[in-house]
Amino acid sequence: MRKNNFLLLAVLFLFADILPKEMNAQISVGNLRCEHLLNPLGIDETKPLLSWELQSEERGKRQTACQVLVATDPSELEKDNGNVWNSAKLTRRQNSRVVYAGKPLVSTKLYYWKVRVWDEKNIVSDWSEVQSWSMGLLQEQDWKAEWIGQPAVAPVTGQDKYVIPPSPLLRKEFEVSGNIRRATLYATALGVYEIYLNGKKAGDQFLAPEWTDYAKRVQYQTYDVTRLINNKKNVIGATLADGWYAGSLWSHFYRGRYGLNRRLKAQLLIEYSDGKTAVVCTDGTWEILNDGPIREASLFDGEIFDDRYNPRGWMEPGFDTRCWQDAVVDNTVSVHLNAQKNEPIKVVKELKPVGIIEVKREKYDPLRYIIDMGQNMAGWIRINLPENPGKKIVLRYGEMLTEDSMLYTKNLRNAKARDIFIPAKENTVFYEPRFTYHGFRYVEITGLTGPPDLSQITGVVIASSSPVAGELETSSKDINQLWKNIYWTQLGNLHSVPTDCPQRDERAGWMGDAQVFAQTAMFNMDMQAFYNKWFTDIRDEQVDGRFPNYAPYITETLRYYDAPGWADAGVIIPWKAYLNYGNEQILEDNFDAMRRFVDFVHEKNPSLIRVNEVGQNYGDWLNGNSIKDTDFPKTGGAIPKDVFSTAYFAYSTALLAKTCKVLKKEKEFKYYDALARDIRTAFIKSFINSDGVVKGNTQAGYAMALEFDLVPRELKEKAVKLMVDAVKTYDYRISTGIHTTERLMHQLSVNGHSDIAYRLLESHRFPSWMYSIDQGATTIWERWDGFVKGRGFQDFDMNSFNHYAIGSVGEWLYKHILGIQPDEQSPGYRHFTLRPTPGGTLTRARGAYHSAVGKIEISWEERAGGFIYQVEIPVNSTATLILPTQKEIREGGVPVQQAKGIKMQNKKDGNTTLLLQSGKYQITY
């Protein structure tokens with residue numbers, strides 16, 4: 001018997017390569033993430049979340065178990081030895097949110113990991129490729145570095161509160177002695193900084209350490225600089241600038257909101273091959289040049305760079321520093337440091353100009369050229385000129401041109417939005433700013449001797465480098481342009497916080513705009529790490545339960561707090577993030593803040609009608625009533641504020657109750673669920689009559705009431721009809737503001753009126769999305785009437801042309817054109833609904849969404865006599881597909897009932913509902 005078993009094993013071994021594939025799991029593991037990031041450096045989470053994605057060519061594949069190995073060296077993983085953590089076989093279906101549970105993680109250490117999974121047949125996959133993460137400085141005592149910089153800024157008399165000196169240069173020379181195994185740099189600043197080793201920049205991010213409430217916390221960054229270290233003599237250098245810390249915020253009223261003394265803190269850890277270590281820290285031995293080439297650097301005003309003050313060679317060993325001073329050590333700084341949680345701000349795109357205009361001038365005016373980048377964007381331009389004009393070059397930025405082709409800058413308010421380069425004696429000019437950014441499509445250049453060649457100019461787009469998650473393309477060039485405009489607007493307002501605009505002197509993290517745009521944002525990009533950081537900013541600013549209207553907070557008083565729809569974002573966006581990413585930790589982190597907010601609103605409004613606001617009540621901002629000097633109706637667009645506010649109170653409380661249920665807080669669930677039902681009852685009693693009329697009889701009012709489930713079932717049909725009538729009253733034009741525009745579109749579609757939604761979407765009449773595109777828009781406008789042909793620009797004091805709020809219609813594009821709809825009962829797209837709704841002029845559409853479980857790909861096309869629908873469902877997920885037909889449906893040439901991976905659920909109400917397992921499908925009818 002033993003002899004027969006041995007022979008069988010020998011045969012299996014010899015013929016392993018030709019055995020049927022079913023003997024091996026047909027799943028591969030990839031896209032490993034730690035704390036939602038790829039190979040992050042310097043995290044400070046001691047029990048990080050680990051996740052991965054699965055791929056397979058087979059249908060119906062899913063994970064049933066997994067094993068994670070974590071080691072201190074890749075060689076250990078080659079031996080399948082997890083010397084830090086071997087999870088063993090974990091029975092776990094989810095391929096995300098595995099919490100590290102190994103040995104305690106140690107400051108500065110680098111860890112390597114890999115994963116394998118078992119499928120539904122209990123067959124194990126191959127191991128994934130090895131990925132890594134490193135730990136930051138976990139304890140305060142791990143920091144040996146000191147805060148250093150210039151002497152403290154002193155108040156002066158006059159209009160300016162303070163005189164800020166030019167950006168300083170800091171440097172220190174050091175030597176290494178031995179073979180370096182690894183060199184890691186930890187750095188941060190009060191202000192913004194760049195840091196270099198031997199003249200080469202560490203990392204590729206800009207505007208680090210990014211924006212936080214510096215009184216509460218400052219982020220630090222970690223860099224692998226092993227390749228930047230020389231064998232013997234080295235120089236570490238840095239530049240500091242104002243940034244958000246010391247620079248102007250909001251109309252220049254709040255310069256130095258957090259402080260005025262720019263400071264650097266940096267610590268270089270050198271690990272030698274023999275096990276020894278050395279540390280180079282910021283301290284009093286560093287040298288500083290207070291009179292550097294960056295004479296001014298402001299996020300709003302731009303950068304002034306005088307190359308005559310640039311000390312050539314200052315980042316090289318042996319540089320003559322006799323004119324430098326000792327850096328000042330500042331022992332007064334006391335602030336909490338945490339590792340950066342989000343993807344850093346980086347260059348995400350580069351563009352070339354599409355045109356140039358020579359500006360008409362008077363006899364003695366300088367030559368002026370306006371460069372058209374062809375795209376409204378956030379960043380700056382880089383110039384690379386073959387000659388030195390011998391005088392200063394001024395770059396002025398703007399989003400629009402006036403009717404006589406002059407740069408329009410009035411809507412920038414007090415932001416100067418200009419960069420100035422003063423050349424030295426070099427024969428050529430190469431310049432781009434580093435400590436500012438602008439919102440612009442057009443750039444006016446003065447100081448040249450003649451028109452530049454367009455090849456000498458590059459548009460540099462910077463944004464938080466969150467991965468792109470979505471794509472959309474249809475048979476309509478206008479809808480395609482709308483989707484591009486939405487994407488570019490998000491890109492233009494993603495700089496550590498979700499700002500309202502990138503061009504004027506505001507650029508705040510307004511929470512109302514971010515709230516209505518949140519689902520669109522998550523369809524377009526992977527926002528999990530970004531939100532992880534920003535939710536911390538929001539919690540940092542909560543006071544007595546009140547949420548701010550924007551975060552980080554800017555003004556010195558509590559004036560901008562508690563606005564309905566803005567403050568409610570502290571509840572709504574975490575809930576939506578949970579739905580999209582399936583990560584309960586999001587709700588855990590935000591639960592206390594969510595509860596305190598709802599309790600605060602309840603305390604101020606015991607009648608359950610939300611009318612007592614400590615802060616502002618903006619209502620449904622920029623609704624149709626705000627449109628000026630046109631034939632559009634001046635009344636009837638604004639939802640009454642008590643209706644608006646109470647609807648949000650009910651919605652936030654209902655979401656808090658759901659959060660309690662997810663977190664298994666039964667006592668709290670019963671309390672807040674009852675409170676939400678009581679608010680709903682009060683809303684119905686106060687604002688909805690027996691005919692289904694919602695107080696105000698506005699498009700917005702019906703959309704909100706229906707969206708937030710505040711309409712009694714017996715009145716829903718009447719309310720939907722009244723909503724449609726309200727659209728007809730405006731001659732099929734939108735009168736909604738930023739909070740209700742997408743909600744109107746969604747409620748029209750889910751209640752059987754997609755034809756009207758498409759009519760609104762594709763309308764070129766004013767006001768509409770397509771009207772702005774017809775005026776040349778390449779981003780979403782703040783106002784429906786930002787510019788009206790024949791009338792001109794809206795009021796300059798609030799007229800951004802890169803403002804994403806009414807771009808929230810992107811959510812509708814994904815949910816109804818592509819049909820991708822998350823399932824609240826199965827968050828993180830473990831199961832989701834697909835319900836494409838062809839309509840309007842569309843004959844085809846294709847797109848994708850890279851969800852938490854993997855990429856969902858969709859295309860559909862109407863052809864003569866038929867409809868073709870193709871979809872790919874990621875491994876470890878299922879989808880309910882609802883098609884608008886009850887005719888025979890085929891998949892891969894066979895009746896759908898016979899197709900592998902598909903289950904017919906029902907045919908009713910003109911629809912066919914199918915349950916799809918993971919895999920690729922081509923469905924026709």
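I count two strands as paired if DSSP finds at least two bridges between them. The model I am reading is predicted.

**Entry 1: strand β26**

I started with β26, residues 368-385. I looked up its burial: 16 of its 18 residues are buried, so the strand is largely enclosed by the rest of the structure.

Next I listed its partners. β33 (residues 457-464) runs antiparallel to β26, with five bridges between them. There I found Ile 383 bridged to Ile 457 of β33. Ile 383 also has a bridge partner in β31, Tyr 431. β31 covers residues 429-431 and joins β26 through three bridges, again antiparallel.

I then checked β32 (residues 438-446). It is antiparallel to β26 and joined to it by eight bridges. Met 377 stands opposite Phe 440 of β32.

Ile 357 has Ile 370 of β26 as its bridge partner.

**Entry 2: the largest pocket**

I looked up the volume of the largest pocket, which is about 1500 Å³. It is lined by 47 residues, and those closest to its centre are Tyr 651, Leu 655, Lys 658, Glu 707 and Glu 824. Several elements give two or more residues to this lining, among them α5 (511-524), α10 (666-687), α16 (809-818) and β39 (820-822).

Which element gives the largest share of the lining? I found that α9 does, with eight residues.

I also sorted the lining by class. I noted 20 nonpolar, eleven polar and 16 charged residues.

Terms used. Residues are numbered from 1 along each chain as its sequence is written. This is a predicted model: local features need pLDDT of at least 70, side-chain atom pairs count only at pLDDT 80 or more; totals for chains, interfaces and linings use all residues. Side-chain values use heavy atoms; hydrogens and water are left out. On a 1 Å grid over the protein atoms alone, a cavity is a set of points where a 1.4 Å probe fits but cannot get out, and a pocket is an open set with protein on both sides within 12 Å along at least five of seven lines; lining residues have an atom within 4 Å of a point. Grid points are joined across faces, edges and corners, and a volume is the space filled by probe spheres set on the points. Helices (H or I, at least four residues) and strands (E, at least two) are DSSP runs, numbered from the N terminus. Ala, Val, Leu, Ile, Met, Phe, Trp, Tyr, Cys and Pro count as nonpolar, Asp, Glu, Lys and Arg as charged, and the others, Gly among them, as polar. Buried means under 20% relative accessible area, exposed over 50%, partly exposed in between (1.4 Å probe, protein chains only).
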